[in-house]
Amino acid sequence: MSATVTFKVPTPHGPQSITLAYARTGAGAPLLLMHGIGHHRQAWDPVIPALAAEREVIAVDLPGFGESEPLPGVMAHDLPTMSGVLAALCEALEIERPHAAGNSLGGLLALELGRKGLARSVTALSPAGFWSQAERRYAFGVLLSMRQVARRMPPPVVEGLSRSVVGRTLLTSTIYARPGRRSPAAVVAETRALAGAERFAETLRSGRDVQFTDDVTGIPVTVAWGNRDRLLVPRQGIRAKYVIPRARLIRLPGCGHVPMNDDPALVARVLLDGSR
């Protein structure tokens with residue numbers, strides 16, 4: 001079920017009202033899904049049916065992305081603030097310590113929730129924060145280029161390109177290893193989501209000094225990386241394993257940076273196993 005929820009978050013400037021969009025389905029232990037920068041909750045659609053058979057799945061649009069409103073001007077779109085907002089979201093939805101899973105920025109947020117003791121398990125798919133400075137600059141440059149293309153490309157051109165495998169490859173091969181598997185409608189929707197992301201620049205800017213250096217203890221942690229990830233290269237998974245030594249490190253063969261569409265069955269199995 002797709003819905004919005006409005007809740008208050010305390011800040012030094014007084015309580016601030018936040019409105020986030022989410023989709024909730026399935027039954028079982030709650031599993032919170034978080035997407036990457038410039039994306040939206042529909043990135044998880046290929047795996048949600050399999051997950052919902054065993055979990056209550058809550059896929060959220062992060063603040064300023066998808067259908068969610070940006071944070072109020074007195075709040076930064078940075079890691080501490082965003083993780084605090086997600087904790088308040090869980091409280092508003094009456095979800096106590098969900099399993100947390102995320103991709104890219106969402107993977108970093110899932111790990112932060114786990115580090116703070118706010119999740120009962122974490123599964124991070126190509127999480128941000130384990131880069132070298134050169135790798136971060138490369139990834140940010142690619143993301144900025146993708147954003148510029150999405151904003152400048154007329155909607156009829158996007159729609160026309162989405163109708164062919166070659167066109168979908170041109171639009172999405174940076175994040176998908178198998179872009180031909182993405183539906184034309186999904187490609188159009190996520191291109192629009194990237195173009196319309198209100199807090200893209202601010203969120204990206206806040207990641208310049210982010211480096212995940214703390215272990216996540218006391219809960220199961222799984223880090224999974226597509227071996228064809230062209231945005232955050234797979235060797236960053238080795239660094240994640242050094243930082244979180246008890247984490248399971250899993251390779252996703254044939255998958256790119258956003259693996260849910262490249263191999264839905266494999267990714268769903270990793271998410272279910274990671275949240276047992």
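How many salt bridges does a search of the whole structure find? The model is a predicted one, and the search of the whole structure gives 14 salt bridges.

1. Arg 41 and Asp 61 form one of these salt bridges, with their closest N and O atoms 2.5 Å apart. Arg 41 belongs to the loop between β3 (29–34) and α1 (48–52), and Asp 61 to the loop between β4 and α2 (79–92), so the pair ties together parts that are 20 residues apart in sequence. Both Arg 41 and Asp 61 are buried.

2. A further salt bridge is formed by Arg 235 with Glu 135, the closest N and O atoms being 2.6 Å apart. This pair links distant parts of the chain, as Arg 235 is in helix α9 (residues 235–243) and Glu 135 in helix α4, 100 residues apart. Glu 135 has a relative accessible area of 8% and is therefore buried.

3. Glu 190 and Arg 182 also meet through their side chains in a salt bridge, at 3.3 Å from N to O. Glu 190 counts as buried because its relative accessibility is 5%. Arg 182 is likewise buried, at 5% relative accessibility.

4. Salt bridges also join residues into a network, whose members are Glu 112, Arg 115, Lys 116 and Asp 214.

5. Turning to the rings, there are 2 aromatic pairs. Phe 130 and Phe 212 form a tilted pair, with 5.7 Å from centre to centre and 55° between the planes. Phe 130 is placed in the loop between β6 (121–125) and α4 (133–152), and Phe 212 in the loop between α8 (200–206) and β7 (221–226), so the pair ties together parts 82 residues apart in sequence. Both Phe 130 and Phe 212 are buried.

6. Trp 131 and Phe 140 have ring centres 5.5 Å apart and planes at 85°, so this pair is edge-to-face. Both Trp 131 and Phe 140 are buried. The ring of Phe 140 also has the charged end of Arg 136 over it, 4.9 Å from the ring centre.

7. Among the strands, β1 (residues 2–9) and β2 (residues 16–26) run antiparallel and are joined by 8 bridges. Val 9 has Gln 16 in β2 as its bridge partner. The hairpin of β1 and β2 has 6 residues between the strands, and Gly 14 there takes a positive phi near 100°.

8. Strand β2 also runs antiparallel to β4 (residues 55–60), to which 5 bridges join it. The bridge partner of Tyr 22 in β4 is Val 60.

Terms used. Residues are numbered from 1 along each chain as its sequence is written. This is a predicted model: local features need pLDDT of at least 70, side-chain atom pairs count only at pLDDT 80 or more; totals for chains, interfaces and linings use all residues. Side-chain values use heavy atoms; hydrogens and water are left out. Rings of Phe, Tyr and Trp (its six-membered ring) pair if their centres lie within 6.5 Å; planes under 30 degrees apart count as stacked, over 60 as edge-to-face and the rest as tilted. Helices (H or I, at least four residues) and strands (E, at least two) are DSSP runs, numbered from the N terminus. Buried means under 20% relative accessible area, exposed over 50%, partly exposed in between (1.4 Å probe, protein chains only). A charge sits over a ring if NZ of Lys or CZ of Arg is within 6 Å of the ring centre and within 35 degrees of the ring normal. Two strands pair if DSSP finds at least two bridges between them. A salt bridge is a side-chain nitrogen of Lys or Arg within 4 Å of a carboxyl oxygen of Asp or Glu.
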